[in-house]
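Dear colleague,

Please read the notes with the coordinates open beside them.

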Amino acid sequence: MLNNITMGQYYPVDSRVHRLDPRIKLILTIVFIVIVFIARTFLGYAVILAFVYLASRLANVPFRMLLRGLKPLRLIIILTFLLNLLFTTGETLWLEFWIVRITKEGFMQAAFYSLRLVFLVIGTSLLTLTTSPVSLADAIEILLTPLKKIHFPAHELAMMMTIALRFIPTLLEETDKIMKAQMARGADFESGNLISRAKAMVPLLVPLFVSAFRRAGDLAMAMESRCYHGGDGRTRLRVLKITKNDWIACGVMAVLLALIILEGIFL
Amino acid sequence: MKSDSRVQLNDVSYSYEEQAAPALSGVSALIQPGEFVAVLGHNGSGKSTMAKLLNALFVPTEGNVVVCGYNTREEKLVWEIRQRAGMIFQNPDNQIVATVVKEDVAFGLENLGVPTEEMIPRIESALSAVRMSAYADKAPHMLSGGQKQRVAIAGILAMEPSVIIADEATAMLDPSGRKEVLETIRTLNRQKGITVVWITHFMEEAALADRVLVVTDGQIKLSGTPAEVFDRVEEMREMHLDVPHMTALAGELREAGMPLRPGILTVEELAEEVERLCPLKSAT
Ligand SMILES: Nc1ncnc2c1ncn2[C@@H]1O[C@H](COP(=O)(O)OP(=O)(O)OP(=O)(O)O)[C@@H](O)[C@H]1O
Ligand SMILES: [Mg+2]
């Protein structure tokens, strides 16, 4: 099952976590999100942290890879922390100057909410790091299949995702080619202010869009000529199978869920 | 239905909606099972339109196209026809759907609803027929143009077609890729008896066919063996088409007074003929 796509976040190593059924992984990730939301104490978060750490070890994914997912969201996390810190009303005063009042309760809540965000990001990163985008598309299609009854385009959505994944390398290559061609004609993509740089993108984007539309037309024709007629009556080469590992993973997640619920009741 | 794997065009015309002049008008042809037919014609002569009619991608405005006994007019038969008459397009990038080679080969089978267990051996044999087995798990964007076209051929082959239609399948390839793809198709034609409709503008490729059809302004103007067609150098010139270099040279030699036989296509044939007319005096 070697997938040569080195795209997005996928971390292509072999592990028990990688081999889990993508449907199960997707569902378990949703359960994990729920768990993060119902955790009430820092002890609960400590348990969740231990769980995530062990899962990353089991997945052969370095823990810092998980943390990398936080980088694009750092601003939001810091903002969450600051807003909660400053605007939570509390009793135990820690610090007061000018109009700023920092209380113990405010600090606790700020830490709690920003940790919640951190865990949400780490949990979903664990999914995308250990599941190739194509398997994810598969999982989404199968899980959404019941929605077909209300005319939700589950198959079409997954097909779109696969085609997008298939064409990203092709379009990147093409972008590179056009960029070089325009640079040879004196185009400058690097210097100048934001506006002049945005202007420089126009001669890049126009040919790229034109070619993408032509490709789409060609591909539609090629797909039709290979008997493509939507998802009805379609079989698949890749069949997903639930194994013992998947049941174990479900069990572990159930234990985590139980622990967090108990912690909410008794602490 | 293997018994009738002929391709028939009966007085076929086709007009694009926004176009005043028809792209094809009154075309008739009969392609026999196992035949390798090359289609030549200058830009805009209607070759691609003809190819799409053979695959039920288009339905003729007038006349009938019958593939393997199925009329392309009957909507219910569209999938039967497309399974029997597979099509390869010009741009290798724009006809590969999946992110892994073997999954792309599976695409047609998945659409036909073939059970998974049956798919695997069919994919394997299709890939080995185009000598791409070693690339089954690779990503298509890592392959060369010729390899991509061979994957496209495997994708058609897995559907077990009787006819393969190639619309300038070698036009975007380098010489070695071109040779690779043409040889693959010729082998399939000879060994599996698959009928081939080979649209091209390379005269050297057409010279290898059993029969050549020349399309101009939406009509078949010439039809015959490569030797017969290419000997009509003047007519070909009028249609803005070249003939293979050796045929052209033979024509000029003939005009200069050398009584060469007709139907010369390759260097070897020309050399042999010259040798026959003026044997080299062995140096004693
Ligand atoms: N989608 C279309 N809409 C309108 N007219 C079209 C369309 N495609 C082709 N035509 C016209 O139909 C005629 C035949 O086109 P066709 O693509 O069959 O030619 P061709 O022989 O394949 O040419 P080429 O060698 O350039 O591929 C041309 O005059 C062309 O302008
Ligand atoms: Mg064409």
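The domain bounds used here come from an automatic or database domain assignment, and they should be read with the reminder that this is a predicted model. For chain A the assignment gives domain 1, made up of 1-131 + 239-267, and domain 2, which covers 153-234. Taken over C-alpha atoms, the centres of domain 1 of chain A and domain 2 of chain A are 35 Å apart.

Two or more lining residues are given by each of α7 (133-144) and α8 (154-184) of chain A and by α3 (101-112) of chain B, with α8(A) supplying the largest share, 4 residues. By class, the lining of the largest cavity divides into 7 nonpolar, 2 polar and 7 charged residues.

The second largest cavity has a volume of about 30 Å³, and its lining consists of Pro169(A), Thr170(A) and Glu173(A) from chain A together with Asp93(B), His141(B) and Lys148(B) from chain B. Here too α8(A) provides the largest share of the lining, with 3 residues, while the division by class for the second largest cavity is 1 nonpolar, 2 polar and 3 charged.

As for ligand 1, there are 13 residues around it, of which Asn43(B), Gly44(B), Lys47(B), Ser48(B) and Thr49(B) come nearest. The shell around ligand 1 comprises 2 nonpolar, 8 polar and 3 charged residues. Among the polar contacts, an oxygen atom of ligand 1 lies 2.7 Å from a polar side-chain atom of Lys47(B), and an oxygen atom of ligand 1 is 2.8 Å from a polar backbone atom of Gly44(B). On the side of Tyr16(B), an N or O atom of the side chain is 3.4 Å from a nitrogen atom of ligand 1. On its own ligand 1 has 630 Å² of accessible area, and the protein covers 64% of that area.

With best wishes

How values were computed:
Residues numbered from 1 in each chain as written. Chains lettered and ligands numbered in written order. Predicted model: local features only at pLDDT ≥ 70, side-chain atom pairs only at ≥ 80, totals over all residues. Heavy atoms only, no water. Nonpolar A, V, L, I, M, F, W, Y, C, P; charged D, E, K, R; others polar. 1 Å grid on protein atoms, 1.4 Å probe; cavity = no way out; pocket = protein on both sides within 12 Å on 5 of 7 lines; lining within 4 Å. Points joined across faces, edges and corners; volume = space filled by probe spheres on them. Near = heavy atom within 4 Å. Polar contact = N/O pair within 3.5 Å; in protein donor to acceptor, adjacent residues only side chain to side chain. Areas by Shrake-Rupley, 256 points an atom, 1.4 Å probe, with all protein chains shown as cover.
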